[in-house]
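Please read them with the structure open.

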Amino acid sequence: MMRFAMLAAFVVLLALLGFGLGNDPRKIPSPLIGKPMPVFDLQRVKYPDQHIKNADLLGKLTLINVWATWCVGCRQEHPLLVKIANDGKLPLYGINYKDQRPAAIEWLGQHGDPYVASGYDEQGKFGLELGVYGLPETFLVDAGGTIIFKHIGPIDETIWQEKFLPILKAKIGTQS
Amino acid sequence: MAGKIPAHTESENWNPIVKAQRTVYCYVLLTLLMLAGSFSYGEVFQERKFDNEEQAERYRALIAELRCLVCQNQNIADSNADLAKDLRDKVYELITQGQSDADIADFMVNRYGDFVLYRPPLKASTVVLWVAPFIVMIFSLGMLVRYIRIHRRSQKVRPTLSEEQRRQAAELLGPPEN
């Protein structure tokens, strides 16, 4: 009886350990899922006299990508973002987080600009509203302006297929 | 006692008492060093102006209880990370705006989740986190008690030496040292 209890306890602990080790503590679940996109009104990176605001995102599913020139992961995922933008099915918006405008403009010129527009969040104040802590971070926002998904870290082909596409199919499928 | 510590290279049998003493000293020293390193008195980097001491105290307490999400083993008081500085600035801003501790905690949790608090609230999703260590400890203590009891039973018969064995032992060990 005692032996059985010990074995059971061991198995339970092992299962918990396996579950725990399988999770990456760097990927914190976002409390913003299901909440509206926080209010923002940012200058555009390329055209400082123009602004992007919440209203610009409404009416369609959008991808919001938080990026910076100093972020290595952003450089890694950028070609894929350019490809997604070229597909033309999903508009991408950027949030340029804690960066220098001239460097950002040059970076986009050099590596391509997949974004409809990028907001210039020089101090990172808007990033704080989004719960940003480790770039790159990517959000999916539905037509009503609600955050429906967040991904932390660079996006690669596998992640795109396994995490993003199912959501896009579900959402865009119902729209068209 | 003179001559208590033998020369290291000469003695074949490195005196076990001395060895034990040295081990204990090493551990005590190590522990003291670790303790010394673990005291953090708030934030080293920034001068903050508060209206009163109470606000300053609240600030120090809050930044010690908020986790730095970049360096996840540190609170934002200790962490060098950019984000930690941003969060400290935000805490300062919210305090001077008159927000309560609960408001500030809510602000952080609404953006970063429960993980940002070093003391997560007790709710359905965190009850396992809170209770599990105690359960494991009680379980382990139970096992330990049981093990000791079982072991004690088998110790009841103490081995003794016969006269012949005693004589042999005395011969092998030689006369006691003074």
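1. The second largest pocket holds about 300 Å³ of space. Its lining comprises 14 residues, and A:Arg26, A:Tyr133, A:Gly134, A:Leu135 and B:Val70 lie nearest its centre. By class the lining has eight nonpolar, two polar and four charged residues. (A pocket is an open set of points on a 1 Å grid over the protein atoms alone, with protein on both sides within 12 Å along at least five of seven lines; lining residues have an atom within 4 Å of a point. A volume is the space filled by probe spheres set on the points, which are joined across faces, edges and corners. Ala, Val, Leu, Ile, Met, Phe, Trp, Tyr, Cys and Pro count as nonpolar, Asp, Glu, Lys and Arg as charged, and the others, Gly among them, as polar.)

2. This is a predicted model, in which local features need pLDDT of at least 70 and side-chain atom pairs count only at pLDDT 80 or more, while totals for chains, interfaces and linings use all residues. Residues are numbered from 1 along each chain as its sequence is written, chains are lettered from A and ligands numbered from 1 in the order written, and side-chain values use heavy atoms, without hydrogens and water.

3. The largest pocket has about 1,300 Å³ of space. Of its 33 lining residues, A:Phe19, A:Asn23, B:Ser125, B:Val128 and B:Leu129 lie nearest the centre. Two elements give two or more residues to this lining: α1 (2-22) of chain A and α5 (127-154) of chain B. (Helices, H or I of at least four residues, and strands, E of at least two, are DSSP runs numbered from the N terminus.) The largest share, nine residues, comes from α1(A). The lining divides into 22 nonpolar, six polar and five charged residues.

4. Two cavities of 30 Å³ or more are found in the whole structure.

5. A:Trp67 sits in strand β3 (residues 62-67) of chain A and A:Trp107 in helix α3 (residues 101-111) of chain A, 40 residues apart.

Note on methods. 1 Å grid on protein atoms, 1.4 Å probe; cavity = no way out; pocket = protein on both sides within 12 Å on 5 of 7 lines; lining within 4 Å.
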